[in-house]
Amino acid sequence: MDQPDNRKIIHIDMDAFYASVEQRDNAELRGKPVAVGGSRQRGVVAAASYEARQFGVRSAMASSVALRQCPELIFVKPRFDVYKAVSQEIRTIFSQYTPLIEPLSLDEAYLDVTHNLQNNPSATRIAQAIKEQIKQETGLTASAGVSYNKFLAKLASDYRKPDGLFVIEPQQGSAFVEGLRVGQFHGVGRVTATRMNQLGIFTGLDLRQQNEAFLTKHFGKVGAHYYSIARAIDHRPVMPDRVRKSIGSETTFENDLTDPDQLSESLLPLLERVWTHCEKTGVMGRTVTLKVKYADFQQLTRSRTAMNLITDSAVFRQLGLDLLSALTPVPKGVRLLGISLSSLQDGATTPGSQLALDLSF
C-alpha cells in the first residue's frame, strides 16, 4: 500500500459564513435562526445560522420549505460585497503563513504549510493561530482540519464544527476513513452514495474492499479516486493558481416565463455579468452554454463552441441569444435561465514537487 506523502495540509472552513457575518453586524440577529437568501416563494437559502440548522434548515433549501420547518426564521438579503471583503481579510491572514493557498469559495480554502513562512514545524499550532487571528480580526469563527492530504484535511474540518480543530495524523488516516459512511466523503454526493449502497458499499471499509477495476466499471474514471481515498491516499497538490473550469451566472424567476422576448431580456443581464468577470480577470473562453430549467424541474443545456477564444462581448452575447432562440417557443414555463463560458484560457502553472520533512502534526 502507498505510504502517506510527507505534507502538512490545513483546510479552513468558516462557520455559517454569510449568516455569521449578518449576526456579527446586526446584534438583533444574534442567537436567532437566520437565513441569508430570498424569502419569496421562489427564494433559496444561501446560508443558515446554526440556530436555524437545529430546525433542519440548510443551504440550497427552498425558502418556502425552510419557513415550514422554522416559522420563526428571519430572512436577510445577501450582501455579497461585504462577504467578499471579509473573505479577502481572511485570505490576507492566510498569506502570513504560506503562499500555497487554494481557495474553494469565499469561506473555505486549503493551505499547504509543509514549508511555511513562520518556520513552525507544527501544522496544528499554525491552524490554531490562524483560527485565533481570524476571530480577533473579523469577529468570526472558523473550523480547521489538519492532515497529510487534502481529502483528510477536509474531513477533519467537518468533524468538530463549529469553531473546531481536528487533526488526523499519518498513522490514523486509514482507520479514520474506514469507519465513515461513504456519504460523508467529500466528493461523494447523495446519488453516488445511493449507488454505492446498492452495491453493498456503506462505509469506508466496504469501499476499501473493492478493487480498482470494480470501482472503475461502476463509476467510470472517478472510480480510481474512490479507490485511493478509501485507503486515505490523496496526492493532489494545493494549487494556488487553480483555474476555474467555467464562469457562469443564472437566475430563478419568481413567475415562470414563456414569452420569447421576456426570456431574451432576462438573459441579457446574465450575459453581462459573465462578460464583466471576463474583462476583470482577463480570462476568456470558447464554449458558451445555456442552461434552462422548466417549471416541472426538467433541465436541459445547449452549447456552442467557437473556433477561437471569444474576445468580443458582442460575439459572446449573440452566441448566448442564438442558443436561446433555438429553444423558443418554449414547450412550457421556464423557471430558471443560466449562461456560462468554458474552455477557458489556461494560465495555470504546474506546482513543483514537495520535499519530505519531519511530520510533527
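1. A quick term first: contact, or packing, means heavy atoms within 4.5 Å. Helices (H or I, at least four residues) and strands (E, at least two) are DSSP runs, numbered from the N terminus.

2. Some ground rules. This is a predicted model, where local features need pLDDT of at least 70 and side-chain atom pairs count only at pLDDT 80 or more, while totals for chains, interfaces and linings use all residues. Residues are numbered from 1 along each chain as its sequence is written, and side-chain values use heavy atoms, with hydrogens and water left out.

3. Have a look at helix 4 (residues 80-95). Its buried residues (buried is under 20% relative accessible area, exposed over 50%, partly exposed in between; 1.4 Å probe, protein chains only) are Tyr83, Val86, Ser87, Ile90, Ile93 and Phe94. They cover an arc of only 110 degrees around the axis (taken from the directions from the helix axis to the C-beta atoms), so they sit on the same side of helix 4.

4. What do the buried residues of helix 4 pack against? Their partners are strand 1 (9-14), helix 1 (17-25), strand 2 (34-37), strand 5 (101-105), strand 6 (108-112) and helix 5 (123-138). On the face turned away from the buried side, you'll find the exposed Asp81 and Lys84.

5. Now over to Asp206, in helix 9 (residues 204-208). Asp206 counts as buried because its relative accessibility is 18%. Leaving out residues up to four places away in sequence, Asp206 touches Gly200 and Ile201. Gly179 is 27 residues from Asp206 along the chain, and their C-alpha atoms are separated by 9.4 Å.
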